[in-house]
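Hi everyone, and thanks for making the time.

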Amino acid sequence: MAAPRQGPLGLVFFCWILWLGSAECSEGSRDVRTSGGEADPGACGCAIDRATGGEAIAHKYSREANVFHPTRSGPRSAKSELRQMAFIPGGVFTMGTNEPAIQQDGEWPARRVRLDPFYMDIYEVSNAEFENFVNATGYLTEAEKFGDSFVFEGMLSEQVKTGIHQAVAVAPWWLPVKEANWKHPEGPDSNISYRMDHPVLHVSWNDAVAFCTWAGKRLPTEAEWEYSCRGGLENRLFPWGNKLHPNGQHYINIWQGEFPVRNAGEDGYKGTAPVTAFPPNGYGLYNIIGNAWEWTSDWWSVNHSAEATYNPKGPPRGTQRVKKGGSYMCHKSYCYRYRCAARSQNTPESSASNLGFRCAADTLPDYLK
């Protein structure tokens, strides 16, 4: 989803200029682009190339420079303060699909994948959990360091919108907002005091890795995430089957109505929902699709072999990271990426008001046993 850097003489992209923690949005707009270079009007989220070219600055925001480790007694001694994990039994499943809904996303081909057993967070990481992490470590997210992040226009106050004069060209509802971060999801006049049980937002891939490492966990691979999403079912669109609203019930927090003009909120939410909302899937996981995009550990690629694989981890290197599950902003007419096989990409430094995560682990951390 990331666009190339802005070129000379006013190309239609805009980029962020970062220096000593400040960020300004350059004149003009920046396209969200697919890996093939074509504009992707259906992309859910915004990716920004924030590189400055300096090795010291690059290291400052690297994964290695931002990883914190658990304290001697663990991230929190009380089990209740960190959400439980579900045991995901090892097995073989069909990953991807031979009927991709979004060709450029590399959802195909369908291939057989074998995975070892692992653990997965039952819930998305909440604001309360992330606050525990920040209080224990003093961690600053990349959105806080850069000084801004992307927010959906419909969630902003009129006062905040009056100070914004740029937008993403192919997705004009995405606006760069100064001081938008996990504590202030819609800018400086917003807060999370009434939604501590909602998923933390505005977290980059690096931020997610830092949290999971501190908690004695890791990010799931894309294969682990998709296997968990399917909840033991084979060849189904959603974690519960092929019908979006079985028996007329809502199982997911996504956009209802006309995107981006009107969100009817028929599922009960016009923004994020609590991480405990809606019925869990067959493995006991809540909100595995919808609500917030979820980072995975894999580098992005659209070229997959149809050969069977064992514990795949994606390509060894790239410029984008894979995210899964869609968000509360996704609508079939704009972003049909809330299927288990669906996928998209962002740069590891990207943050936006629909980016969250959950952690995985090879063994259950001692403090959760």
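Let's start with strand 6, residues 118-121, which pairs with strand 16 in the antiparallel sense, over two bridges. If you want a spot to look at, find Met 120, which stands opposite Ala 360 of strand 16. Before going further, please keep in mind that this is a predicted model.

Next stop, helix 5. Why can we call helix 5 largely enclosed by the rest of the structure? Because nine of its 10 residues, in the run 205-214, are buried. Among them are Trp 205, Asp 207, Phe 211 and Trp 214. And what covers those buried residues? The cover includes helix 2 (127-137), helix 3 (142-146), strand 11 (293-299) and strand 13 (321-324).

Let me stay with helix 2 for a moment. The axes of helix 2 and helix 5 come within 11 Å and cross at roughly 80°. That makes helix 2 roughly perpendicular to helix 5. On the helix 2 side, the contact is made by Glu 129, Phe 130, Asn 132, Phe 133, Ala 136 and Thr 137. On the helix 5 side, Ala 210, Phe 211 and Trp 214 take part.

The ends of helix 5 are worth a glance too. Just after the helix, Gly 216 takes a positive phi of about 75°.

Now for the charged side chains. How many salt bridges does a search of the whole structure find? The count is 15, and I've picked a few for you.

We'll begin with Glu 158 and Lys 161, whose closest N and O atoms are 3.0 Å apart. Both residues lie in helix 4 (158-161), three residues apart, about one turn of the helix. In an α-helix there are 3.6 residues a turn, so residues three or four places apart point the same way. Glu 158 is exposed, with a relative accessible area of 55%, while Lys 161 is partly exposed, at 22%.

Then there is the salt bridge between Lys 324 and Glu 222, with closest N and O atoms 3.4 Å apart. This pair links distant parts of the chain: Lys 324 is in strand 13 and Glu 222 in helix 6, 102 residues apart. Are these two buried or exposed? Lys 324 is buried, with a relative accessible area of 0%, and Glu 222 is buried at 4%.

My last pair is Glu 294 and Arg 358, whose side chains meet at 2.8 Å, N to O. Glu 294 lies in strand 11 and Arg 358 in the loop between strand 15 (355-356) and strand 16, so the pair ties together parts 64 residues apart in sequence. Both Glu 294 and Arg 358 are buried.

Methods
Residues are numbered from 1 along each chain as its sequence is written. This is a predicted model: local features need pLDDT of at least 70, side-chain atom pairs count only at pLDDT 80 or more; totals for chains, interfaces and linings use all residues. Side-chain values use heavy atoms; hydrogens and water are left out. Two strands pair if DSSP finds at least two bridges between them. Helices (H or I, at least four residues) and strands (E, at least two) are DSSP runs, numbered from the N terminus. Buried means under 20% relative accessible area, exposed over 50%, partly exposed in between (1.4 Å probe, protein chains only). Contact means heavy atoms within 4.5 Å. A salt bridge is a side-chain nitrogen of Lys or Arg within 4 Å of a carboxyl oxygen of Asp or Glu. Axes are lines fitted to C-alpha atoms, for helices over the stretch in contact, and angles run from 0 to 180 degrees between N-to-C directions. Angles under 35 degrees count as roughly parallel, over 145 as roughly antiparallel, 65 to 115 as roughly perpendicular and the rest as oblique.
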